[in-house]
Amino acid sequence: AQTAQILDGKALAQKIQLQLQNQVRSLQTKIGRPPGLAVLMVGDNPASAVYVRNKEKSCHKVGIASLGKHFPENTSQAELEQVIQQLNQDERVDGILVQLPLPKHLDAVSLLHTIAPHKDADGLHPVNLGHLVRSETGLRSCTPAGVMKLLQEYQIPLAGKKAVVVGRSILVGKPLALMLLEENATVTIAHSRTQDLVGVCREADLLIAAVGKPQLITAAMVKPGAVVIDVGINRVEDEQGKSQLVGDVDFEAVAEVAQYITPVPGGIGPMTVAMLLQNTVTSYSRTFGIA
Ligand code: NDP
């Protein structure tokens, strides 16, 4: 039977959106315009289209203007760089993000470098990553920031605890490890070359999976009473051939061992969007010296 308590990312994300909505309402009367977020999408990746639509819907709820653009698959690097430079100058725009993955002919890293760091809503510009390494103020990447916010909401102690992050991407694993370190956890980063992944994970008081492999984390890898955060989003078919979303964690089995667990969907996914909105509002208020 499931004994773990659910860490409800969906509920917390809604709460944050309400707070942001109020904040935007009161700032807007001082500033005279709403915050603006420009999401740039290139091509027709169906998963990306869903994410972009979600982000735009959430912007609308909070009162952020969506100033995004959708470009055809064959758009050139130079064209996109020019668009980003215009958005950097555009006073209505507080946040810019490039929806990944991009078509193969485009260089995502060089586009990221083109975004003005103070408008880098995804927190992936090297300047913002550098601020994170130094524990300085800056815009922080949304998925790891969402994980930290959820842990904080449930008052999960981190100082001195053993945290194992499985996955070392620049998008999730690496920045998350730094944020956990900042909160004084003893952090291990595991990846595809890690020896004895089962043994490493089993040591964890806090186990975070950010890999992209369904069922990677089994109950045997979880220390009884551990906190388990599932960042993975994988589309699989169930027995009836229906498509569904699952994480990296064998939820049913692990929920019998863990003390806390995040669901997929309804865990880190909605928290990521909430942090994107938060970053946009933060950059908006900083521009006017209010935060
Ligand atoms: P990447 O593919 O960039 O990174 C995956 C990481 O997992 C790599 O570091 C890789 O190791 C490691 N890995 C792969 N296989 C294994 C294995 N068998 N054992 C241990 N480690 C392994 O993925 P992302 O970080 O971008 O995303 C991870 C997951 O999170 C995906 O499912 C993605 O969809 C999801 N995601 C969810 C978000 C949300 O909003 N909830 C936002 C962003 C991502 P190595 O470096 O050695 O190759």
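A residue is taken as near a molecule or strand if its C-beta atom, placed from the backbone, lies within 6 Å of it. There are 26 residues around the ligand, and Gly167, Ser169, Ser192, Gly212 and Thr272 come nearest.

Some bookkeeping. This is a predicted model, where local features need pLDDT of at least 70 and side-chain atom pairs count only at pLDDT 80 or more, while totals for chains, interfaces and linings use all residues. Residues are numbered from 1 along each chain as its sequence is written.

By class, the shell around the ligand holds 11 nonpolar, 12 polar and three charged residues. Here Ala, Val, Leu, Ile, Met, Phe, Trp, Tyr, Cys and Pro count as nonpolar, Asp, Glu, Lys and Arg as charged, and the others, Gly among them, as polar. Helix H10, residues 268–287, gives the most to the shell, with three residues. Helices (H or I, at least four residues) and strands (E, at least two) are DSSP runs, numbered from the N terminus.

Now Gly167 and Ser169. Gly167 sits in the loop between strand E6 (162–166) and helix H7 (173–182), and Ser169 also lies in the loop between E6 and H7.

Is each one buried or exposed? A residue is buried if 20 or more other C-beta atoms lie within 10 Å of its own, exposed if 12 or fewer, and partly exposed in between, with C-beta atoms placed from the backbone. Gly167 has 24 other C-beta atoms within 10 Å, so it is buried. Ser169 has 15, so Ser169 is partly exposed.
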